[in-house]
Amino acid sequence: MLETTPLYHQLADQIQDLIRVGTLRAGDRVPSVRRLSNQQRVSVSTVLQAYRRLEDIGVIEARPQSGYYVRRRSAAVQEPEPSRPPKRALNVEVDDLTDAVLSYASDPNVVSFGSACAAPELFQLERVRRVLCSLARRDRGALGRYGLPPGTERLRRVVARRALDWGCRIDYRDLVTTTGCMEAINLALRAVTEPGDLVALESPTYYGFLQILQSLGLRALEIPTHPRSGISLEALELALAEHPVKAVLVMPNVSNPIGASMSDAAKKRLVELLAAKSVPLIEDHIYAELQFGTASSHSPARPAKAFDRSGNVMLCSSFSKTLCPGLKVGWIEPGRWRDRVRMLKFMSSGGQNELVELAVAELIESGGYERSLRQLRRRFESQVDAARGIIADSFPRGTRVTRPSGAYIVWVEMPKGCDSVALFERLLERGITIAPGPMFSASQRYRNCMRLSIGQAWAEKHEQALREVGRLAQHLFA
């Protein structure tokens with residue numbers, strides 16, 4: 001080895017050699033930082049640098065309060081084929097199944113794979129509490145003021161600065177803050193559609209979108225979607241030629257429920273296609289900052305909005321999945337419908353909680369947010385890999401599962417004949433929930449599919465519960 005090679009590189013290579021020859025296997029705990037420091041007679045900082053290097057290349061992973069472990073390799077399980085939804089417009093009727101799944105989301109006696117909510121203990125809640133208390137003391141006036149649209153200027157400036165990292169130039173004066181991303185989507189649809197209009201969206205799609213469409217009296221047109229590359233632009237272009245589509249609602253980065261991400265070239269083509277036809281694009285960006293990638297090579301996901309030159313894209317997001325779910329702070333950049341969205345926001349809720357918006361702005365400005373994002377991405381990627389391995393081992397033969405580009409959701413496609421609704425009902429008796437496939441389609445398709453959320457503070461009980469899902473699925477299928 002060359003003498004010019006940094007010491008921490010040499011140490012990282014030694015650990016990697018132990019893994020390569022099988023001395024350390026997947027799931028094994030590697031020596032603690034202090035122990036390796038003493039063994040190799042190097043400083044603690046050198047060991048930390050070596051372990052961070054191994055983390056960056058995906059060889060080991062840090063587990064809170066536990067140490068570093070050899071990372072499991074991704075399971076050899078096939079992904080689903082692109083979806084093939086019906087080519088007709090559909091009235092949206094969300095049944096009681098969605099309510100049943102959500103009703104167990106916060107039940108402490110249930111292992112919930114059904115609701116896409118990360119565990120509270122994964123977020124820096126104590127830091128959030130301190131900032132809120134400090135702001136309440138420093139700016140008591142915020143408690144006595146109405147937070148009117150378009151929202152707190154400080155937060156809107158923070159969002160506009162973050163957008164620069166995404167390759168997206170946003171004027172903070174155009175932003176409108178909202179109560180989470182769902183309200184932003186709701187406002188966008190109300191701004192550009194009327195009851196009875198047709199909205200094109202991915203298939204499968206997030207059930208929350210279907211709930212909004214139903215509440216607004218809108219119809220759905222589901223577009224074929226690939227589990228890696230997202231919505232089919234060829235199928236969308238054909239649909240636009242054959243149907244009077246009034247808006248397109250998509251998640252170009254880390255979609256829900258399949259975790260797909262479009263390439264930048266595809267996003268650009270999508271924006272240009274819809275701009276040419278004057279069809280608004282409503283973009284949900286909520287999971288984009290949880291897109292996987294090593295700390296050394298990760299670059300922020302670019303939204304489709306970055307390619308918008310005519311104000312035809314309405315970009316929506318929130319900090320609920322990345323900072324603190326309970327604060328419910330979201331935003332929308334409404335494009336050329338800014339004034340309409342501001343008016344709708346005032347009519348629907350009057351405004352926002354100024355103290356909470358100031359807290360979010362301070363939490364991001366004061367540092368630590370990027371480090372927290374890196375930790376969440378690493379943790380979720382590790383948990384998704386572990387879950388895919390369990391699914392490969394425990395579910396019926398022929399089961400396929402997505403390899404999401406980020407976040408903590410996987411879409412599982414079981415063999416034809418498996419009934420995810422019947423499975424859901426049987427699992428409730430065992431204190432486990434899933435999200436059955438029909439929730440994610442206006443046509444009630446995907447009965448042999450399910451969405452699983454792997455955002456828990458992963459422990460042995462979650463692994464056992466997931467294996468039980470697979471065992472019961474095999475029993476019902478047999």
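I began with the charges. The mean positions of the 65 positive and 52 negative charges of the protein chain lie 4 Å apart. I note that this is a predicted model.

Next I looked up the surface. The protein chain exposes about 21,100 Å². Carbon and sulfur atoms supply 47% of that area. I then checked burial: 56% of the 478 residues count as buried.

I turned to overall dimensions. Along the principal axes, the C-alpha atoms of the protein chain fill a box of roughly 70 × 65 × 45 Å. I asked how the radius of gyration fits a compact globule. For 478 residues, such a globule would have a radius near 23 Å, and the protein chain has 23 Å, so the two agree.

I went on to the fold. I found 15 helices and 17 strands in the protein chain.

Last, I went through the cysteines. How many disulfides are there? The count comes to zero. A disulfide is a covalent bond between the sulfur atoms of two cysteines. The cut-off I used is a pair of cysteine sulfur atoms within 2.5 Å. I checked cysteine 117: the closest cysteine sulfur, in cysteine 324, is 12 Å from its own, so the pair is too far for a bond. I then checked cysteine 449, which is in no disulfide either. Its nearest cysteine sulfur belongs to cysteine 418 and is 9.9 Å away. Is cysteine 449 buried or exposed? Cysteine 449 has 1% relative accessibility, so I put it down as buried.

Methods
Residues are numbered from 1 along each chain as its sequence is written. This is a predicted model: local features need pLDDT of at least 70, side-chain atom pairs count only at pLDDT 80 or more; totals for chains, interfaces and linings use all residues. Side-chain values use heavy atoms; hydrogens and water are left out. Helices (H or I, at least four residues) and strands (E, at least two) are DSSP runs, numbered from the N terminus. The radius of gyration is taken over C-alpha atoms; the globule rule is 2.2 Å times the number of residues to the power 0.38. Buried means under 20% relative accessible area, exposed over 50%, partly exposed in between (1.4 Å probe, protein chains only). Accessible areas come from the Shrake-Rupley method with a 1.4 Å probe; for residues, only the protein chains shown count as cover. Lys and Arg count as positive and Asp and Glu as negative; His and the chain ends are not counted. The place of a charge is taken as NZ of Lys, CZ of Arg, CG of Asp or CD of Glu.
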